[in-house]
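Please read this briefing alongside the sequence and the coordinates.

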Amino acid sequence: MLGGRFRILVTRPLSQAESFVEGLRSLGFEAYALPLIAIEPVADTSKLQQLAASLTDQDMIIFVSPNAVQQFIKAASSEVWAWPHDTQVQVGGVGPGTVQALRDSGLASEQITAPSIQERQFDSEALWKILANQAWSGRRVMIVRGDGGRNWLAEQFQAAGAQVSFVQAYTRTLPLWSPFHRHLVQQAMAIPSDHLWFFSSSQSLDHLSQLCPQGQAVWPCSRALVTHPRISEHARKSGFRNILLSPPDLYSMVTCIQSAPW
């Protein structure tokens, strides 16, 4: 295969998948976006707008994903709105994609609390390691996320005495595939050993099972690259047997692919 042994199928939501595909292609890989999650804005953005208008009422605001940042900014945007630069409000992000989305939205790097890019894992546990030693009793924490998700981080804040609230910024739904997307899937099922599926969400595996129930017969022969041990376990339960685990940044992924034992 061009640039490596596999055609890489990037299953992230389309807007994020496209940037990964461009990066992989620039390094000589054959890669395509095959979204397994569609991101839709919430119907009622009033709570996001209220948050944007009263950021300084919070002691910390955590965004769980780039989508949370993008949908918050879309709801907040006006001619006069901007991130406050003279406030003690902390803004947190779990992974490098979220951090980049915050920077792209105009927030200064020094205002963002997130795991270092040198970390091998980007999740709630890694973020809490940075925050755990702060005094949280009576402080207000807002978590901006999609429809549902893990409550582990909120539980840590609550155990430390913080007042935790949530605001939903988006919903995750099944994608609408184009004929080309369906053609990619047919090829991946016909020659599974020549394809590498990139999963950055357990929900994408659930959606794959719904969209391709016949895939159960070929997933054991397919390859998967995942970004977290929980996703690896979910992929194994879904039928994948050949699984690589990598941090979610492009160059770690490429190094992982190039050193694969397959």
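Helices here are DSSP runs of H or I with at least four residues, numbered from the N terminus, and in that numbering A76 lies in helix 3. The model is predicted, and every value below was computed from it. Helix 3 returns below as a contributor to the lining of the second largest pocket.

**Aromatic rings and charges**

- A pair of aromatic rings is described by the distance of the centres and the angle of the planes.
- With ring centres required to lie within 6.5 Å, the count for this model comes to 14 aromatic pairs.
- One aromatic cluster is formed by F63, F72, W81 and W83, and W83 from this cluster is also among the residues that line the largest cavity.
- R25 lies over the face of Y32, at 5.1 Å from the ring centre.

- Two or more residues of the lining come from each of helix 1 (14-26), strand 3 (38-41) and helix 3 (66-76), with helix 3 giving the most, namely 3 residues.
- Sorted by class, the lining of the second largest pocket consists of 9 nonpolar and 5 polar residues, with no charged residues.

**The cavity**

- Rolling a probe the size of a water molecule over the atoms shows where empty space is left.
- The structure holds 1 cavity of 30 Å³ or more, and about 50 Å³ of space lies in the largest cavity.
- The lining of the largest cavity is made up of L55, I61, W83, P84, T87, V89, V91, L107 and Q111.
- By class, 7 of these lining residues are nonpolar and 2 are polar, while no charged residue takes part.

**Cysteines**

- The structure holds 0 disulfides, and for C221, which is in no disulfide, the nearest cysteine sulfur is that of C212, at 16 Å.

- S178 is located in the loop between strand 9 (170-173) and helix 7 (179-190), and its relative accessible area of 25% makes S178 partly exposed.
- Although S178 and L34 are 144 residues apart in sequence, their C-alpha atoms are 9.6 Å apart in space.
- H228 is found in the loop between strand 11 (223-226) and helix 9 (229-238), and H228 is classed as buried because its relative accessible area is 8%, where buried means under 20%.
- Between H228 and Q121, which are 107 residues apart along the chain, the C-alpha atoms are separated by 7.1 Å.

- A76 and R172 are 96 residues apart in sequence, and the distance between their C-alpha atoms is 20 Å.
- W152 lies in helix 6, which covers residues 152-159, and with a relative accessible area of 25% W152 counts as partly exposed.
- From W152 to W128 the separation is 24 residues in sequence and 9.8 Å in space, taken from C-alpha to C-alpha.

How values were computed:
Residues numbered from 1 in each chain as written. Predicted model: local features only at pLDDT ≥ 70, side-chain atom pairs only at ≥ 80, totals over all residues. Heavy atoms only, no water. Phe/Tyr/Trp six-rings, centres within 6.5 Å; stacked < 30°, edge-to-face > 60°. Lys NZ or Arg CZ within 6 Å of the ring centre and 35° of its normal. Nonpolar A, V, L, I, M, F, W, Y, C, P; charged D, E, K, R; others polar. Disulfide = S-S within 2.5 Å. 1 Å grid on protein atoms, 1.4 Å probe; cavity = no way out; pocket = protein on both sides within 12 Å on 5 of 7 lines; lining within 4 Å. Points joined across faces, edges and corners; volume = space filled by probe spheres on them. Buried < 20%, exposed > 50% of the residue type's maximum accessible area, 1.4 Å probe, protein only.
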